[in-house]
Amino acid sequence: MSGPWVEKYRPQKLEDIVGQKQIITRLQKYVGEESMPNLMFTGPAGVGKTTTALALVKSILGEYWRQNFLELNASDARGIETVRNNIKNFCRLKPVGAPFRIIFLDEVDNMTKDAQHALRREMEMYTKTASFILSCNYSSKIIDPIQSRCAIFRFAPIKGEDIVARLKYICENEKFEYDEKGLETIVYFAEGDMRKAVNVLQAATSEGEIVNEESVYEVVSKAKPQDISNLITKALTGDFMGARTILRETMVLQGTSGEDMVTQIYQEVSKRIVDGKMDPEFYIDLIESIANCDFRIREGANPRIQLEALLTKFL
Ligand SMILES: Nc1ncnc2c1ncn2[C@@H]1O[C@H](COP(=O)(O)OP(=O)(O)OP(=O)(O)O)[C@@H](O)[C@H]1O
Ligand SMILES: [Mg+2]
């Protein structure tokens with residue numbers, strides 16, 4: 001089967017979901033009891049919220065899950081009327097072949113406040129026949145009355161070692177060779193996002209290549225951490241022209257954007273301060289300049305000029 005690996009390797013059962021162990025254990029209790037309160041899944045992108053919701057629905061509703069399940073996506077209109085009509089029509093019917101019905105609302109943080117208030121009323125009205133699963137990236141964007149009606153589950157970014165194990169499993173299944181460094185590089189870019197990790201893996205293998213550091217850098221447009229480190233070391237030791245060359249090469253050859261450059265410079269500087277390799281006083285001055293550079297680039301200033309100006313602050 002071809003197609004995106006994120007779909008091909010979306011776990012279908014609760015026990016196959018990577019990480020999130022405590023959450024899965026709590027959810028499996030609901031499956032055993034054949035009942036559940038309203039749930040809210042919150043956490044960063046690509047860590048398994050939608051996947052978990054679908055797996056839970058299948059195991060708790062059993063054979064007739066399709067008939068008793070309503071999913072409303074972010075792409076659907078999210079006005080008050082849509083919420084009312086869809087949910088009302090669905091909830092009026094009795095559950096068939098299952099203990100209750102489930103409504104899954106993905107990306108609730110994109111709903112307007114008015115729509116959220118309408119949703120809250122629907123949640124109250126149908127407590128006997130239906131349970132809700134709400135999913136969002138930021139629970140702070142959800143009105144309090146909804147939050148207080150839900151058991152809240154906070155999904156964490158996936159640990160590096162868990163991502164590596166999953167990527168190895170996929171490589172072996174797809175019969176692609178890999179080396180540890182290549183997978184570590186993917187983990188560095190994914191920042192706990194499993195969807196991103198799997199997507200980078202698939203892109204890195206699209207040429208039929210083996211997954212190593214080079215093939216990963218081919219497909220991500222970020223700078224190599226080693227280049228950023230060299231750039232900063234050169235700037236700090238007064239070699240402005242050397243630093244400028246690395247900056248230009250990275251942006252031209254690797255295609256790294258100005259925003260990504262500033263972020264990676266910030267990460268490297270932060271790492272040095274944590275490792276005690278930089279004077280805190282100097283760091284405080286520097287961080288202000290990094291913040292200014294970041295702001296100006298985002299506002300549309302020429303990234304190369306801004307970054308070169310930033311380098312002068314390191315001298
Ligand atoms: N915990 C996980 N275990 C295994 N695969 C995962 C996990 N989380 C994410 N994935 C992979 O990433 C894909 C996307 O995950 P999912 O749709 O569940 O993310 P999400 O948390 O709902 O993200 P978003 O906030 O962007 O909606 C899945 O199809 C799967 O391939
Ligand atoms: Mg989702």
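## Terms and model

A crossing of two helices is called left-handed if the near helix is turned anticlockwise from the far one by less than a right angle, and right-handed if clockwise. This is a predicted model, in which local features need pLDDT of at least 70 and side-chain atom pairs count only at pLDDT 80 or more, while totals for chains, interfaces and linings use all residues. Residues are numbered from 1 along each chain as its sequence is written, and chains are lettered from A and ligands numbered from 1 in the order in which they are written.

Helices are DSSP runs (H or I, at least four residues), numbered from the N terminus. The axes of α4 (residues 80-92) and α5 (residues 113-125) cross at roughly 20 degrees and come within 8 Å; axes are lines fitted to C-alpha atoms over the stretch in contact, and angles run from 0 to 180 degrees between N-to-C directions. α4 and α5 are therefore roughly parallel (under 35 degrees; over 145 is roughly antiparallel, 65 to 115 roughly perpendicular and the rest oblique). The crossing of α4 with α5 is right-handed.

On the α4 side, Ile 80, Val 83, Arg 84, Ile 87 and Lys 88 meet Asp 114, Ala 115, Ala 118, Leu 119 and Glu 122 of α5, contact being C-beta atoms, placed from the backbone, within 7 Å. This contact of α4 with α5 has six nonpolar, no polar and four charged residues (nonpolar: Ala, Val, Leu, Ile, Met, Phe, Trp, Tyr, Cys and Pro; charged: Asp, Glu, Lys and Arg; polar: the others, Gly among them).

## Domains and ligand shell

An automatic or database assignment divides the protein into domain 1 (5-154), domain 2 (160-220) and domain 3 (225-313). Between the C-alpha centres of domain 1 and domain 3 the separation is 43 Å.

Ligand 1 is surrounded by 22 residues, of which Arg 10, Val 18, Gly 48, Thr 50 and Thr 51 are the closest; a residue is near if its C-beta atom, placed from the backbone, lies within 6 Å. Two or more residues of the shell come from each of α1 (5-8), α3 (49-61) and α9 (194-204). Domain 1 and domain 2 each supply at least three residues to the shell.

Helices α12 (residues 240-254) and α15 (residues 303-314) pack at about 150 degrees, with axes 10 Å apart, which makes α12 roughly antiparallel to α15. Their crossing is right-handed.

For α11 (residues 225-236) and α13 (residues 258-274), the angle is about 70 degrees and the axes are 10 Å apart. These two helices, α11 and α13, are therefore roughly perpendicular.

Terms used. Two residues are in contact if their C-beta atoms, placed from the backbone, lie within 7 Å.
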